[in-house]
Amino acid sequence: MSAVLNCNITFIGGGNMAQALIGGLIARGMPTTRITVADPFENVRQLLQEKDVHVTDDNIAAIEKADIVVLAVKPQVLASVLKQLHGLLDGKLVISIVAGAEIATMATLSGTERIVRVMPNTPALVQTGAHGLYATDVVDAKDRELASQVLAATGLTIWVNSEAQIDAVTAVSGSGPAYFFYMMESMIRAGKNLGLDEKVATALTLQTALGAA
């Protein structure tokens with residue numbers, strides 16, 4: 001973790017997953033002075049300001065001093081964001097947590113191939129995430145370790161051998177929590193139907209899931 005603590009990190013997009021990573025990094029000792037977030041929405045920027053990180057609505061200014069740039073925007077705006085930053089990401093490690101965005105496409109749009117693609121999942125919001133990571137041979141061992149340290153702030157990190165395997169990660173850990181949510185909701189309903197109080201059924205279900213895991 002020590003290596004990443006000496007880096008300047010910029011998040012393009014300040015939504016839930018970015019906030020989870022920022023919270024995890026700060027909890028592990030990352031100085032808030034080294035974190036910048038660019039987001040177009042004032043309410044998001046105000047929320048992040050409470051964490052004492054730098055905030056801006058200017059993507060270009062945000063990445064100026066960054067060593068690591070985390071792309072945390074919605075898939076539908078990624079192309080416009082990367083076109084704006086084309087040619088400005090040289091010398092920076094790019095980590096993308098944008099669902100469905102392939103490295104080749106991002107490289108063409110951004111002008112850099114130094115990209116790590118990540119499939120996170122929602123338990124990262126409570127620092128128990130499972131993250132699948134992939135990068136081409138352009139990304140060296142040092143960069144891979146930095147990417148691992150960033151994502152490890154919110155959970156388990158697993159590197160896969162091909163970009164196609166990111167789709168498998170999506171199926172297992174990316175979408176997987178939804179199946180567990182549905183099963184636990186069903187168990188709570190079953191408990192209530194058998195006469196248990198909702199709070200009791202919920203407590204028993206959650207502890208049972210935790211113990212089984």
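# Notebook: salt bridges, cores and helix faces

I began with the charged pairs, and found that Glu 163 and Arg 117 join their side chains in a salt bridge at 2.9 Å, N to O, a salt bridge being a side-chain nitrogen of Lys or Arg within 4 Å of a carboxyl oxygen of Asp or Glu. Glu 163 sits in the loop between β8 (155-159) and α8 while Arg 117 belongs to strand β6, so this pair ties together parts that are 46 residues apart in sequence; helices (H or I, at least four residues) and strands (E, at least two) are DSSP runs, numbered from the N terminus.

I note for the record that this is a predicted model, in which local features need pLDDT of at least 70 and side-chain atom pairs count only at pLDDT 80 or more, whereas totals for chains, interfaces and linings use all residues. Residues are numbered from 1 along each chain as its sequence is written, and side-chain values use heavy atoms, with hydrogens and water left out.

**Entry: the other charged pairs**

I then looked up burial, where buried means under 20% relative accessible area, exposed over 50%, and partly exposed in between (1.4 Å probe, protein chains only). Arg 117 counts as buried at 6% relative accessibility.

How many salt bridges are there by this rule? I get a count of three. In one of them, Asp 143 pairs with Arg 114, and the closest N and O atoms are 2.6 Å apart. Asp 143 lies in helix α7 (residues 141-152) and Arg 114 in the loop between α6 and β6, so the pair links parts that are 29 residues apart in sequence. I noted that Asp 143 is buried, with a relative accessible area of 4%, whereas Arg 114 counts as partly exposed at 23% relative accessibility.

Glu 198 and Lys 192 also meet through their side chains in a salt bridge, at 3.8 Å, N to O. Here I found Glu 198 partly exposed at 45% relative accessibility, and Lys 192 partly exposed at 40%.

**Entry: nonpolar cores**

I turned next to the nonpolar cores, each a set of buried Ala, Val, Leu, Ile, Met, Phe, Trp, Tyr and Cys residues joined through side-chain atoms within 4.5 Å. The largest has 32 residues, and those with the most contacts inside it are Ile 9, Phe 11, Ile 68, Ile 95 and Val 116. Its largest share, five residues, comes from helix α2 (residues 16-27). Apart from this core I found another of 26 residues, which includes Ile 12, Leu 82, Met 119 and Val 169.

I also listed what Ile 9 touches, contact meaning heavy atoms within 4.5 Å: leaving out residues up to four places away in sequence, its partners include Val 4, Leu 25, Met 30, Ile 68 and Val 150.

On which residues does the buried side of helix α8 (residues 164-174) rest? I recorded Ile 166, Val 169 and Ser 173 as its buried residues. Seen down the axis of α8, they fall within an arc of 50°, so they line one face of the helix; the arc is that of the directions from the helix axis to the C-beta atoms. The face of α8 turned away from this buried side carries the exposed residues Ala 164, Asp 167, Ala 171 and Val 172, and the cover over the buried ones includes β6 (115-119), β7 (129-135) and α9. I looked at Ser 173 separately, and it is buried at a relative accessible area of 15%, in contact with Asn 121 and Ala 130 once neighbours within four places in sequence are set aside.

For helix α5 (residues 75-84) I recorded Leu 78, Val 81 and Leu 82 as buried. They cover an arc of only 90° around the axis, which puts them on the same side of α5. The face turned away from that side carries the exposed Gln 76 and Lys 83, while the cover of the buried residues includes β1 (9-12), α4 (59-63), β4 (68-71) and α6 (103-110).

**Entry: helix α9**

Tyr 179 lies in helix α9 (residues 176-193) and counts as exposed at 60% relative accessibility. The C-alpha atoms of Phe 180 and Lys 192, 12 residues apart along the chain, are separated by 18 Å.
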